Amino acid sequence: MEFKDIVNSVKTGTKDTIEIGKLKAKITKEKTDINETYVKIGEYVFNNYQNLEITDETLSGFVNSITEAKARISGYNSEIDQVKMR
């Protein structure tokens, strides 16, 4: 293997590592957002349980937010897999 090939291989590996790091940061942010939403759900349910005001429709926004974040995480994990396969 020539020096040029080694340098190109290192560059590619570095790019891949950086890209994976960025995607993992996005995953961490999404998980943080999910946890914040779980806290909101808990506060909402607790407060409204005491007042007997809980309805399924009210929680649908929270559930949709978590579902969408989980879908984005799945996409980021797929991108990481693609980067690792290069």
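The reply below goes through the salt bridges and then turns to the residues around them.

Reply: This is a predicted model, in which local features need pLDDT of at least 70 and side-chain atom pairs count only at pLDDT 80 or more, while totals for chains, interfaces and linings use all residues. Residues are numbered from 1 along each chain as its sequence is written, and side-chain values use heavy atoms, with hydrogens and water left out.

The chain contains two helices and zero strands. Both kinds of element are DSSP runs numbered from the N terminus, a helix being H or I over at least four residues and a strand being E over at least two. Of the 86 residues, 20% count as buried. Buried stands for under 20% relative accessible area, exposed for over 50%, and partly exposed for what lies in between, with a 1.4 Å probe and protein chains only. The chain exposes about 6700 Å², and carbon and sulfur atoms supply 56% of that area. These areas come from the Shrake-Rupley method with a 1.4 Å probe, and for residues only the protein chains shown count as cover.

Now the salt bridges. There are four of them in the structure. The term covers a side-chain nitrogen of Lys or Arg within 4 Å of a carboxyl oxygen of Asp or Glu.

Setting aside neighbours within four places in sequence, Glu30 is in contact with Ala69, Arg72, Ile73 and Tyr76. Contact is taken as heavy atoms within 4.5 Å.

A second bridge joins Arg86 and Glu19 through their side chains, at 3.2 Å from N to O. Here too the pair links distant parts of the chain: Arg86 is in the segment after α2 (56–84) and Glu19 is in helix α1 (residues 3–50), 67 residues apart. Arg86, at 61% relative accessibility, counts as exposed. Glu19, at 27%, counts as partly exposed.

Another bridge lies within one helix. The side chains of Asp33 and Lys29 meet at 2.6 Å, N to O. Asp33 and Lys29 are separated by about one helical turn because they are four residues apart in helix α1. Asp33 has 24% relative accessibility and therefore counts as partly exposed.

Next, the nonpolar surroundings. A nonpolar core is a set of buried Ala, Val, Leu, Ile, Met, Phe, Trp, Tyr and Cys residues joined through side-chain atoms within 4.5 Å. The largest such core has 13 residues, of which Ile27, Ile34 and Ile80 touch the most other members. Helices α1 and α2 each supply at least two residues of this core, and α2 gives the most, with seven. Beyond its neighbours within four places in sequence, Ile27 is in contact with Ile73, Tyr76, Asn77 and Ile80. Ile73 and Tyr76 are also among the contacts of Glu30.

Thr37 sits in helix α1 and is buried, its relative accessible area being 9%. Apart from neighbours within four places in sequence, Thr37 is in contact with Phe62, Ser65 and Ile66. Lys70 lies in helix α2 and counts as partly exposed at 46% relative accessibility. Not counting residues up to four places away in sequence, Lys70 touches Ile34 and Tyr38. The C-alpha atoms of Lys70 and Ile27 are separated by 9.1 Å, although the two residues are 43 apart along the chain.

One figure covers the contacts of the chain as a whole. Among those between residues at least 6 apart in sequence, 76% join residues at least 24 apart.
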